[in-house]
Amino acid sequence: MHGFSFDVAHLLAGSLVLVSFMLLYQDRLYALLNVFALHAVVLSLSVAWQAHIHDAPHLYITAAIALVFKAIVIPVALHRMIVRLGIHREIEAVGSIGPTMLAGIGLVGLSLAVMLRVTSDADLLAREDLAFALSVLLLGLLIMVTRRNAVSQVVGFMSLENGLVLAATGARGMPLVVEISVAFSVLIAFIVIGIFLFRIRERFDTVDVQALDRFRGDLQ
Amino acid sequence: MALIRDLAVQGAQMFLVVALAPLLTGIGRKFKARLLRRRGPSIIQPYRDLLRLIHKETVVAENASWLFRAAPYLIFAGTWVAAALVPTFGTGLLFSWSADLIAIVALLASARFFLALAGMDIGTSFGGIGSSREVMIATLAEPAMIMIIFSLALLAHSTQLSTIAEFMISPQVGLRVSLALAVVSLIMVGIAENGRIPIDNPATHLELTMVHEAMVLEYSGRHLAVIELASALKLLVYLSLIACLFLPWGIAPSDADWRGYLLGAAAYIAKVVLASFALAAFETAIAKMRVFRVPNFLGAALMLGLLGTLLLFVSRGL
Amino acid sequence: MTALPTTVSLLGVATLLGFSLAALAIGRLRAATPLIYIASFAVSLGLLANAARALIGGAPPEIISLPLGLPWVGAHFRVDALAAFFLAVVNLGGAAASLYAVGYGRHETSPMRVLPLFPAFLAGMNLVVLADDAFTFLLAWEFMSLASWGLVMAHHRLPENAHAGYIYVLMASFGTFALLLAFGLLAGPDGSYAFAAMRAAHPAAFQAGLVLLLVLIGAGSKAGLVPLHVWLPLAHPAAPSHVSALMSGVMTKVAVYAVIRVVFDLLGPPSWWWGILVLVPAAASAVMGVLYALLERDLKRVLAYSTIENIGFIFVGLGLALAFRADGFVAASVLALTAALFHVVNHSLLKSLLFFGSGAVASATGTRDMENQGGLIHRMPVTAFAVLAGCFGIAALPPLNAFASEWLTFQAILLSPALPQWGLKLLVPAVGALLALAVALAAACFVRVFGVAFLGRARSERAASARETDGFSLAAMLGLAALCLVAGVLPGLLIDAISPAVHAIAGSQMPTQAHVAWLSIVPIAESRSSYNGLLVFIFIALSAGMTASAIHVLASRKTRRAPAWDCGFPDASPVIQYTAGSFAQPIRRVFATTLFQAREHVSMPKPGDLRPARLQVDVQDLVWNWLYAPLATAVAVVSDRLNVLQFLTIRRYLSLVFLALVTLLAVLAIWR
Amino acid sequence: MNLLLANNVLFVLAIPAGAIGLLAILPGYRLSAALNVLASFLTLVAAASLFIAHPPADAYFLVDDLNIVFVVLSCFVGFTTSVFSASYIGHELETGRLTPLYLRFYHAMYQMMMFGMNLALLVNNIGLMWVAIELATLATVLMVGIYRTHEALEAAWKYFILASVGIAFALFGTILVYMSALPIVGEGLQGMTWTTLVARVSAFDPALLSVAFVFLFLGYGTKVGLAPLHAWLPDAHAEGPTPISAVLSGLLLNVALYAILRFKTLMALNREAIAPGPLMVTMGLISLVFAAFMLYRRRDIKRLFAYSSIEHMGIIVFAFGMGGPLANFAGLLQMTMHSLTKSAIFFTVGHVAQVKGTQKIAEIRGLTETHPILGFALIVGVLAIAGMPPLGIFMSEFLVVSSTFARQPLLAIALVFGLLVAFGALLLRLQGFAFGEPSGRTAPVHASYVPIFAHLALVVGAGIYLPPLLVSWFHHVALMLG
């Protein structure tokens with residue numbers, strides 16, 4: 001039984017990493033959003049499974065939040081926004097997909113290399129989970145760094161944060177997990193609203209199209 | 001008793017140099033004239049000149065300051081004190097310890113300081129030329145002189161002239177390269193300092209070539225007399241320096257009796273005459289050089305002096 | 001029960017600080033200026049007396065430690081003979097400057113920017129000398145720099161002053177950091193910052209060498225050693241003249257004190273090559289400084305450059321002392337040290353005097369440019385006389401004081417063949433030659449100064465209508481001149497006065513001079529060398545007097561005033577006089593052509609062209625061009641390059657964060 | 001009385017918390033400003049009472065030597081800043097840059113921030129500390145954007161995004177610490193309690209701890225403003241209201257620093273884990289040198305001093321990274337002095353910007369002529385920040401440099417290099433501000449100089465005399481930090 005539960009958790013966590021790679025791979029916004037929804041679903045599954053095996057009911061809430069908020073609300077909202085703001089659909093990436101993927105693989109390798117030093121008396125599951133969580137986090141950051149337009153950067157941030165949730169839930173009996181996931185959802189909501197409010201079309205870097213070139217910090 | 005003798009010697013020395021200085025000039029001129037196949041003025045002509053100048057009225061430029069009028073006496077005083085402390089016929093000078101060789105050079109330098117200032121006091125361009133050239137020459141001549149002093153002092157373990165002179169008579173001096181270098185250098189410095197050909201021509205009145213004459217251009221009457229005497233004295237100082245440092249033979253030791261002093265005096269006069277002849281011969285043989293070749297000339301002197309010193313420094317280690 | 005010197009000094013310092021606070025309060029009043037200056041004059045005199053007592057009295061040094069500064073170290077103050085000597089120098093200069101300023105201060109346009117800082121500056125310099133632990137020392141040191149910076153910036157509206165102040169404060173804090181590192185090395189990792197502890201601990205040879213180097217950089221930059229001198233000729237003239245006098249005459253000596261204190265006192269036994277480390281920059285400063293001065297036409301900058309030269313002289317003395325000390329020639333080392341300290345006194349006297357004179361001239365003629373002065377000996381006779389004395393003295397001519405100290409230096413050089421090391425054997429005579437050159441050049445330089453500024457005919461309207469300055473200034477100048485003469489004719493007494501200071505750090509001292517017959521000085525032995533300023537002075541006076549009287553008896557008294565003869569040229573306008581530039585021309589051609597890349601460009605108009613012919617001379621400061629300009633450009637370039645980072649996009653910033661993270665993780669991955 | 005003392009910790013938190021609500025509803029800026037001052041003052045009193053007596057560490061709160069220093073410092077600066085802001089904000093209202101509504105919001109946020117910071121400093125739980133710091137951060141984000149100009153929004157947005165990433169890092173680090181504690185301490189709150197962690201850390205898994213520290217260091221380092229995580233800092237300082245700039249430099253950076261220090265002590269107790277020292281030293285040096293060079297090209301006066309804050313944070317982190325009693329002492333001293341000085345400078349700069357009507361460096365000159373008090377206050381402040389005696393920072397820099405040079409000469413050289421470069425830039429600008437031909441408006445200032453002078457007086461005093469109480473306090477802390 002324990003072996004089985006472990007394998008499932010392992011599988012879910014691993015697939016989360018896989019989905020992160022898929023995110024990394026996308027070059028069209030809609031597809032990106034869909035894949036992100038998938039990402040959230042997988043996350044909620046794995047959180048739910050954690051809740052099940054550690055019979056920690058409060059984690060179900062986290063799973064629910066993940067499912068409802070991240071898998072449905074946010075993608076839809078972003079979808080709308082893309083239409084509303086007339087953001088053009090394909091993602092301009094820094095550098096082509098190939099190197100980016102390689103970099104991603106490198107990051108996963110790095111996170112494994114870092115995490116597998118952990119002496120195994122910390123329980124195995126936690127350790128594996130951490131390795132995957134770390135790689136998800138790094139991949140999310142990689143997406144933020146290599147994508148030029150706001151929406152995909154938000155998606156990157158959210159996937160990063162999924163990694164966090166994964167880690168948090170992996171930590172047995174960690175207090176405040178739910179609160180934290182809620183807090184993060186709020187944070188993301190802020191970001192999304194911000195994008196909408198400030199009508200950030202292409203990039204994070206400027207608040208308004210007119211201001212695009214005018215202000216960069218110290219150009220008085 | 002000894003004190004009285006020393007005082008006598010010191011006093012004799014002081015007045016001897018003043019008395020002798022114009023004569024030296026006269027002899028020099030005579031030799032030169034002879035070498036140029038002229039009869040030339042008599043050798044006591046300089047005394048007559050001085051006398052005449054003294055009795056003439058003195059013309060002072062309108063905007064001359066007190067410095068201009070005080071300068072001649074200061075110049076003369078500086079030179080005279082220097083001359084009084086250089087052993088001429090005897091080393092036993094009462095006050096020779098009150099200023100060593102460095103101080104004597106410095107005394108001459110302070111005389112020059114006032115001379116140069118006097119040259120600038122009226123505010124004429126010629127005075128300026130003279131002063132600026134004079135100080136330029138001095139800036140090269142003085143280090144050379146100091147280097148010479150170094151090499152002598154390193155040999156004699158002293159900068160006291162009388163001590164050095166006694167050391168030079170004494171047998172342990174031997175034949176040294178540094179000394180040869182030093183004497184050559186000293187002669188060059190002497191020529192430069194006294195404004196003789198090839199550095200400057202004391203007889204010239206072509207303004208652009210003159211240095212010393214340009215500075216004293218505005219002087220007349222008694223002031224000029226004092227200055228002339230001072231410059232004659234300066235020449236004598238250098239000759240006696242060379243004499244007592246490099247040909248000290250016959251100079252009376254500090255404990256000599258009156259015979260010794262007579263001998264010394266005779267020897268001294270002989271040396272001076274000899275030196276002035278050499279100078280005259282040199283001056284007739286050579287042509288005056290452009291002002292801006294003077295640095296090379298003096299630079300050579302400086303290098304010789306430095307070389308001599310370095311040799312001594314190094315040989316001391318062997 | 002008489003109060004102990006340290007206590008008195010501290011009280012005096014406190015009073016001075018009080019004055020600067022008072023000046024803040026009442027500075028706006030007209031009466032404030034004389035009030036403050038008279039007060040600080042009095043206090044300086046008191047401190048001077050106190051220091052002299054401590055120097056001569058030779059009581060064991062009293063240590064005071066207050067619960068200030070570094071908490072677990074505390075602030076230590078101590079007046080040993082060395083400190084007492086320098087306190088005397090500082091306060092003598094301070095008293096003179098205050099007295100001078102009582103009159104000169106009236107010309108001050110913005111007293112509120114000078115009055116509060118002047119006593120603070122004096123206090124700072126006193127504190128540096130009093131300090132007995134590294135923290136207090138550096139605190140006072142930097143306080144002194146700041147106060148003088150404020151004084152330099154007193155007339156801040158002139159751009160060149162602002163520039164000067166900037167360079168100055170930059171170099172000052174550079175120096176402070178060097179000293180800080182030196183003290184850090186001396187104090188060791190557990191931070192024993194008290195000088196006593198440093199004295200006890202002897203660092204290893206290499207470390208000690210490093211400390212020496214750092215101290216030379218740190219204190220040398222304050223003293224103006226080439227090549228760290230660049231700020232000095234900018235900052236010293238920029239300040240009001242009495243402050244310039246303090247900075248040039250006194251503050252540089254405080255830097256000398258720092259070197260002596262650390263190198264001779266704290267650092268333990270020297271190695272022979274330290275001498276080289278000190279001698280080379282010292283000789284360079286001596287010659288370069290006076291050459292700069294010869295090429296300069298701004299009166300106060302000439303003086304500042306000549307300070308560099310004299311500092312060179314002092315450091316040569318220190319270098320020789322180190323070399324001798326390393327080889328165990330105590331007598332010689334003591335002689336060199338005494339020469340250095342003697343020159344410290346002389347230079348502070350002379351330089352203060354000259355700066356006072358230049359201040360008087362500047363406020364009388366409204367310019368510092370010698371080319372616009374001239375003929376002042378007629379308009380300001382007394383000032384002229386004082387300045388003449390100063391020029392004569394600083395040209396190291398007998399019978400004035402600077403000659404005596406330089407004579408001692410030469411005597412020390414003459415002892416150096418005994419040194420076993422070849423490096424020194426070859427170096428020292430060369431140094432001697434350079435010093436001789438420097439002396440000769442100095443004479444030329446000050447003939448130029450006095451001849452152009454005071455003699456000849458007035459070169460400008462203002463100069464023609466100049467007025468003699470006030471009594472206080474004259475009193476200060478004449479007093480200093482008198483002191484110079486005394487120090488010149490009675491060098492023996494001064495040497496004896498200096499001896500305790502020398503003894504305090506060298507453990508030995510020169511033979512007492514007071515007993516020598518006729519008051520002459522005999523550094524080593526009667527037979528070797530001796531000099532008697534008094535006799536020389538008397539002789540000169542006598543023979544000049546005799547001649548003059550003789551002439552006046554024998555000669556005709558007839559004197560006629562007439563236009564200048566000038567080889568029959570009609571009396572042209574004053575502009576045909578020899579200018580400072582033309583006076584320096586021969587020397588410039590000889591020395592500066594290579595050393596300063598001096599070049600002359602003549603532009604001769606074609607016949608019929610009405611444009612005047614021009615002779616233009618441009619002189620490069622190679623030290624600046626090769627050392628400082630590149631640094632400035634480097635900083636500019638780097639900051640331009642980095643400045644891009646201010647204008648990145650958020651994505652780029654994120655990638656920076658990302659890179660940082662990945663790097664650290666990678667480090668973790670490889671670590672162990 | 002004893003009752004009051006007994007739970008003064010609660011007061012330190014309760015007063016700001018209560019003030020938030022009150023200020024949110026009260027109309028009229030004069031009243032709310034006064035109330036703001038009052039609340040800050042009471043908080044300060046409560047914080048000061050911690051010196052007298054503080055409760056033993058329980059599951060929620062921990063009061064020890066380390067954080068008392070921080071709490072009292074931040075409450076003090078918070079109080080003086082509130083005084084300054086009372087005199088500053090009125091002018092903003094007149095010039096119409098702020099509306100009364102926004103002012104209400106501003107004051108509420110001010111107390112919110114104070115609450116967050118005090119909470120972060122006092123809690124005994126790394127999770128709660130994280131939450132508190134984020135709370136404070138978000139409050140400041142909102143205040144930075146309060147002028148709603150493009151620049152302000154831009155700065156706020158930049159701050160927001162970078163901060164959120166930092167938040168994420170910090171959280172991940174926190175989780176990792178919990179995970180490493182899990183096998184030893186067991187599940188639940190205990191695994192996040194300082195006291196427990198400190199007690200048992202030696203047995204934790206070193207590798208996990210190391211990873212945790214990397215994330216925590218970067219996460220909280222973002223708030224400290226270490227290069228290259230600093231990007232938000234200059235703009236946030238430059239575009240927000242000046243009181244906020246003062247508080248950011250004076251407090252928020254310190255709070256983040258406090259978190260890092262806590263975790264450093266944690267790391268130091270575990271032998272096998274990676275040594276935090278080299279990490280901090282490196283980042284510190286990078287920040288110092290980088291910021292020093294950045295100072296030269298600044299055109300905006302507030303941004304200039306923001307970069308100088310980065311520089312000083314670099315020095316402080318460097319000092320703590322070096323460790324050892326001397327360096328730690330120096331670090332604490334430097335931190336205290338920097339908070340006081342930098343906020344004083346920002347107070348002055350705020351008034352200067354108001355009277356001159358510009359923040360452009362090029363247009364501010366000759367202050368000592370037009371506004372002597374501001375001008376000389378600025379001179380003293382900048383000299384202090386540049387490490388000139390007799391001002392506090394000189395002492396700390398003296399200790400850092402000399403102690404480092406005895407141990408690691410090359411590091412000390414680099415440090416001195418950075419300090420010199422920074423000094424050059426600061427003095428260059430200072431001379432521009434204070435001296436030369438005056439420019440711009442010469443309208444008289446109506447400002448309260450009290451906070452400025454209070455801070456500067458403290459700085460000057462500390463440079464000459466440190467009270468033994470403070471010294472012994474710092475010594476304890478220095479030893480604690482190891």
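# Strands, helices and chain contacts

Guide: B:Val60 stands opposite C:Arg561, a residue of β3(C). The model is predicted.

Visitor: What makes β1(B) and β3 of chain C a pair?

Guide: Two strands pair if there are at least two bridges between them. β1(B) and strand β3 (residues 559–562) of chain C have 4 bridges, in the parallel sense. They therefore count as paired.

Visitor: Which elements of chain B supply at least two residues each to the side that touches chain C?

Guide: β1 (58–61) is one of them. The others are the helices α2 (45–55), α3 (66–85), α4 (101–121), α5 (125–156), α9 (221–246) and α11 (294–317). The contact as a whole joins 76 residues of chain B to 69 residues of chain C. On the chain B side, α5(B) gives the most, with 18 residues.

Visitor: How do the residues on that side of chain B divide by class?

Guide: There are 44 nonpolar, 21 polar and 11 charged residues on the side of chain B that touches chain C.

Visitor: How many helices and strands does chain B have?

Guide: Chain B has 11 helices and 1 strand. Along the sequence the pattern is α-α-β-α-α-α-α-α-α-α-α-α.

Visitor: What radius of gyration does chain B have, and what would a compact globule have?

Guide: A compact globule with 318 residues would have a radius of gyration near 20 Å. Chain B has 19 Å, which agrees. The C-alpha trace of chain B spans about 60 × 45 × 45 Å along its principal axes.

Visitor: Which residues make the contact between α1(B) and α10(B)?

Guide: From α1(B) they include B:Leu24, B:Ile27, B:Gly28 and B:Phe31. From α10(B) they include B:Val272, B:Val273, B:Ser276 and B:Phe277. By class, this contact has 10 nonpolar, 3 polar and 2 charged residues.

Visitor: Why are α13(C) and α16(C) called roughly antiparallel?

Guide: Helix α13 (residues 330–365) and helix α16 (residues 401–414) of chain C have axes that cross at roughly 160°. An angle over 145 degrees counts as roughly antiparallel. The value lies over that cut-off, and the helices are therefore roughly antiparallel to each other. The axes come within 8 Å, and α13(C) passes α16(C) in a left-handed crossing.

Visitor: What makes up the contact between α13(C) and α16(C)?

Guide: Among the residues of α13(C) are C:Ala332, C:Leu335, C:Phe342 and C:His343. Among those of α16(C) are C:Asn401, C:Glu406, C:Leu408 and C:Gln411. By class, the contact has 11 nonpolar, 7 polar and 1 charged residues.

Visitor: How many residues do chain D and chain A each put into their contact?

Guide: Chain D puts in 31 residues and chain A 34 residues. On the chain D side, α7 (150–185), α9 (206–224) and α10 (232–239) each supply at least two residues. Helix α7(D) gives the most to that side, with 15 residues. The residues on the side of chain D that touches chain A divide into 17 nonpolar, 4 polar and 10 charged.

Notes: Residues numbered from 1 in each chain as written. Chains lettered and ligands numbered in written order. Predicted model: local features only at pLDDT ≥ 70, side-chain atom pairs only at ≥ 80, totals over all residues. Contact = placed C-beta atoms within 7 Å. Nonpolar A, V, L, I, M, F, W, Y, C, P; charged D, E, K, R; others polar. Rg over C-alpha atoms; globule rule 2.2 N^0.38 Å. Axes fitted to C-alpha atoms, helices over the stretch in contact; angles between N-to-C directions. Parallel < 35°, antiparallel > 145°, perpendicular 65-115°, else oblique. Left-handed = near helix turned anticlockwise from the far one by under 90°.
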